[in-house]
Amino acid sequence: MIRAGIIGLGEIGQYHLPALRAARGAELVAVCDLDRALAERSAAGACAAYDDLETMLSGAALDLLDVCLPHHLHRPVALRAIEAGCHVLLEKPMAISVAECDEITAAAERAGRLVAVSHNQLHYEPHRRLAELIERGVLGELRMLRARLAIGGRYGTWRSDPAKAGGGLLIDAGAHRLYLLRALGGPVHAAGPGWTIPRGGAGTTRSVRPCEPRSRRSRAASVRRRGRSRGGRSWRSWRPRMVRRVPASASCWAVEPGR
Ligand SMILES: NC(=O)c1ccc[n+]([C@@H]2O[C@H](COP(=O)([O-])OP(=O)(O)OC[C@H]3O[C@@H](n4cnc5c(N)ncnc54)[C@H](O)[C@@H]3O)[C@@H](O)[C@H]2O)c1
């Protein structure tokens, strides 16, 4: 039986609690949150409650630590848990930079521990059905995938601090769109809150203005894939509502350069 603990008992930690309690092969033996009262309530007398990671690691003999903390804490807590001999389940995003993700992966490999990231939306029924339709070729050749994101009202705490969140909407709820698109359509070449479409030699780029207050609600986390026609150099895409012409050099919304 895997002895599991959760650290971070806020919004998502409260969903992980019943899931871990119900998981076959695992036993929830400890919970931890800076908010001691929240930890006690979440433990509900059925497991140990802590308000400090070190005390939990030394007191609970965990095999697995489930990390449901603000993004900037994923790296240090994962590294410490691995050092203490735990496997680690991290909420998305894995960490706030690729370098941090690599550091966690390398530490886990050295220690012979497993690290997983909670990509829960892969398991949503509509997403599973879509994957099946793509796999069976029912939708024809896949040229482009578009994912939209509508979310709001959750800012004001650590999420509003780029040093803690690692960015904005894209690295937060947008992470769900990115792993999903990748799972459905293969490697992602570029992603961003706006949209750019270099048109072979035209010298212009179309883009959504990403940051103006009135467009905030309609911003979408979009991902573009390299088109297969025209020698693989053109981009196929959707046309967002707010489109304007900008110089090609202003195609700066992408967070991942084309490969
Ligand atoms: N998979 C999903 O659908 C989903 C949904 C929401 C959030 N998330 C992810 O879950 C993680 C947490 O987000 P949230 O919305 O639950 O945040 P939250 O702010 O609601 O909860 C974070 C909790 O961590 C606790 N905490 C902070 N620092 C701590 C420390 N050093 N030691 C112990 N506890 C500490 C806080 O007291 C708080 O209770 C993030 O990575 C977020 O992106 C995933």
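Helices and strands here are DSSP runs, numbered from the N terminus. The model you're looking at is predicted, and its protein chain comes to 8 helices and 11 strands.

**Confidence and overall make-up**
- The protein chain has an average pLDDT of 77, and 70% of the residues score at least 70.
- Take care with residues 195-259, where pLDDT stays under 50, although the model has 116 contacts beyond four places in sequence for them.
- Of the 259 residues in the protein chain, 35% are buried.
- Look at contacts between residues at least 6 apart in sequence: 66% of them join residues at least 24 apart.

- Lys 92 sits in the loop between β5 (87-91) and α5 (98-111).
- A cis peptide bond joins Lys 92 to Pro 93, with omega about -15°.
- That's worth a second look, because most peptide bonds are trans.
- Is Lys 92 buried or exposed? It counts as buried, because it has 20 C-beta neighbours inside 10 Å and the cut-off for buried is 20 or more.
- Setting aside neighbours within four places in sequence, Lys 92 is in contact with Val 117, Ser 118, His 119, Ala 175 and His 176.
- Ser 118 is 26 residues away from Lys 92 along the chain, yet their C-alpha atoms are separated by 5.7 Å.

**The largest nonpolar core**
- This core has 49 residues, and those touching the most other members are Ile 7, Ala 30, Val 31, Leu 62, Val 67, Ala 78 and Val 88.
- Strand β2 (residues 26-32) gives the core its largest share, 5 residues.
- Both domain 1 (2-118) and domain 2 (122-250) supply at least three residues each to this core.
- In soluble globular proteins, nonpolar side chains tend to be buried together.
- Not counting residues up to four places away in sequence, Val 88 touches Leu 65, Val 67, Ala 78, Ala 81, Ile 82, Arg 113 and Val 115.

- Gly 85 follows α4 and has a positive phi, near 95°.
- Leu 69 is in the loop between β4 and α4, and it is buried because 25 other C-beta atoms lie within 10 Å.
- Beyond residues up to four places away in sequence, Leu 69 touches Ile 7, Gly 8, His 74 and Val 77.

**Around the ligand**
- The ligand is surrounded by 24 residues, and the closest are Gly 8, Gly 10, Glu 11, Ile 12 and Glu 91.
- Sorted by class, that shell holds 11 nonpolar, 7 polar and 6 charged residues.

**Two alanines with positive phi**
- Most residues other than glycine have a negative phi.
- Ala 44 has a positive phi, near 50°, and lies in the loop between α2 (36-43) and β3 (48-50).
- With 13 C-beta neighbours inside 10 Å, Ala 61 counts as partly exposed.

Technical notes: Residues are numbered from 1 along each chain as its sequence is written. This is a predicted model: local features need pLDDT of at least 70, side-chain atom pairs count only at pLDDT 80 or more; totals for chains, interfaces and linings use all residues. Helices (H or I, at least four residues) and strands (E, at least two) are DSSP runs, numbered from the N terminus. A residue is buried if 20 or more other C-beta atoms lie within 10 Å of its own, exposed if 12 or fewer, and partly exposed in between; C-beta atoms are placed from the backbone. Two residues are in contact if their C-beta atoms, placed from the backbone, lie within 7 Å. pLDDT is the predictor's confidence in each residue, from 0 to 100. A residue is near a molecule or strand if its C-beta atom, placed from the backbone, lies within 6 Å of it. Ala, Val, Leu, Ile, Met, Phe, Trp, Tyr, Cys and Pro count as nonpolar, Asp, Glu, Lys and Arg as charged, and the others, Gly among them, as polar. A nonpolar core is a set of buried Ala, Val, Leu, Ile, Met, Phe, Trp, Tyr and Cys residues joined through C-beta atoms within 7 Å. Domain bounds come from an automatic or database domain assignment.
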